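Could you walk me through some local features of this model?

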Amino acid sequence: MKMRAGYCIFILLVSLTLFGIVDVCNAGKLSYKFYKRTCPRAEQIVKEIIQNRTQSSPSLGARLIRMQFHDCFVRGCDASVLLDTVNNSTAEKEAIPNSSLSGFDVIDDVKTAIERVCPKVVSCADILALAARDAVSAPFSKPLWDVQLGRRDGMVSLATETNGNLPSPFANFTSLIQLFNRKGLDVNDLVVLSGAHTIGVAHCATFSSRLYNFTGKGDADPSLDPTYAEALRKQCPNPASPTITVEMDPTSSLSFDNHYYDILLQKKGLFGSDAALLTNRNSRKIVTRLQRSRSSFFPAFAKSVKKMGAIEVLTGNAGEVRQNCRVVNP
């Protein structure tokens, strides 16, 4: 054991001196203390910047947790969603489902700050995972979940790969669970991670089909509360305006809690994919359980977001550690 520790320290020092790479003894796996030796201030730097930004932008948590979700479901959690389009290769962020993502500037700021202290060490994928956690946690003054680190950054980003990999707001339960299963997630993860819809807003086009002529008879989706549907029609005229947004969780879009499950059982889930969670017996049971116990939602979310954050991660020598999150290294 002592010999291995000594070997690790020796290799680490040589690696840092010659190449500026991460701790080789943690290579190939995620760890809660991955940067303990190579960049011990990494998590604190992320936390300080995110806390500062959330003071002026309280919706940052919703924006960054959505960004992480969209990153992990396409090519795994490799920060490919952060890459800009190069030449004729349209990047993920330009795909229609990602066109409303925002917060890239925040990730840029964090990366710049960390590069000053620990150049070529901390990946953009890890920064996104930490930033999303810290932005959602900001109102609580404590981290709501622990983040395993050690991801490497991908070198490919293709808009076409979002097709079939990102859940549609119009999806039924069968489509949703098949997609989540392909990512190594189960029905519990589907329901729990959907709880992130308790914060943030959505553009009218993502749900307006539920408001107008849903069955071809000029009616609304019968699975949507009629009074709520009427209120939504007043906010979202037909055809849908690309500039209008609506709270996903009415009256609670800035509070990360289990209120989403309250509105879901009141038939006020905004998306068709929200309502779909009530069409399956098992998922409906989970919805009811989370609605009844606020305290059970937080540990459940912590467990599921940890699983999501480990989807198809690149570790060890795979990928790279980008110096600029928007472009692959030269």
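## About the model

This is a predicted model, in which local features need pLDDT of at least 70 and side-chain atom pairs count only at pLDDT 80 or more, while totals for chains, interfaces and linings use all residues. Residues are numbered from 1 along each chain as its sequence is written, and side-chain values use heavy atoms, leaving out hydrogens and water.

## Two crossing helices

Helix H3 (residues 60-72) and helix H5 (residues 124-137) have axes that come within 8 Å and cross at roughly 145 degrees. Helices here are DSSP runs (H or I, at least four residues), and strands are too (E, at least two), numbered from the N terminus. Axes are lines fitted to C-alpha atoms, for helices over the stretch in contact, with angles from 0 to 180 degrees between N-to-C directions.

In the contact (heavy atoms within 4.5 Å), H3 contributes residues including Leu-60, Gly-61 and Leu-64, and H5 contributes residues including Leu-128, Ala-129 and Ala-131.

## Backbone features

Most residues other than glycine have a negative phi, and most peptide bonds are trans. Asn-87, in the loop between H3 and helix H4 (104-117), has a positive phi near 55 degrees. Lys-120, in the loop between H4 and H5, has a positive phi of about 65 degrees.

Asn-87 is exposed, with a relative accessible area of 74%, whereas Lys-120 is partly exposed at 41%. Buried means under 20% relative accessible area, exposed over 50%, and partly exposed in between (1.4 Å probe, protein chains only).

A cis peptide bond, with omega about 5 degrees, joins Asn-238 and Pro-239. Pro-239 sits in the loop between helix H8 (226-235) and strand S2 (245-247).
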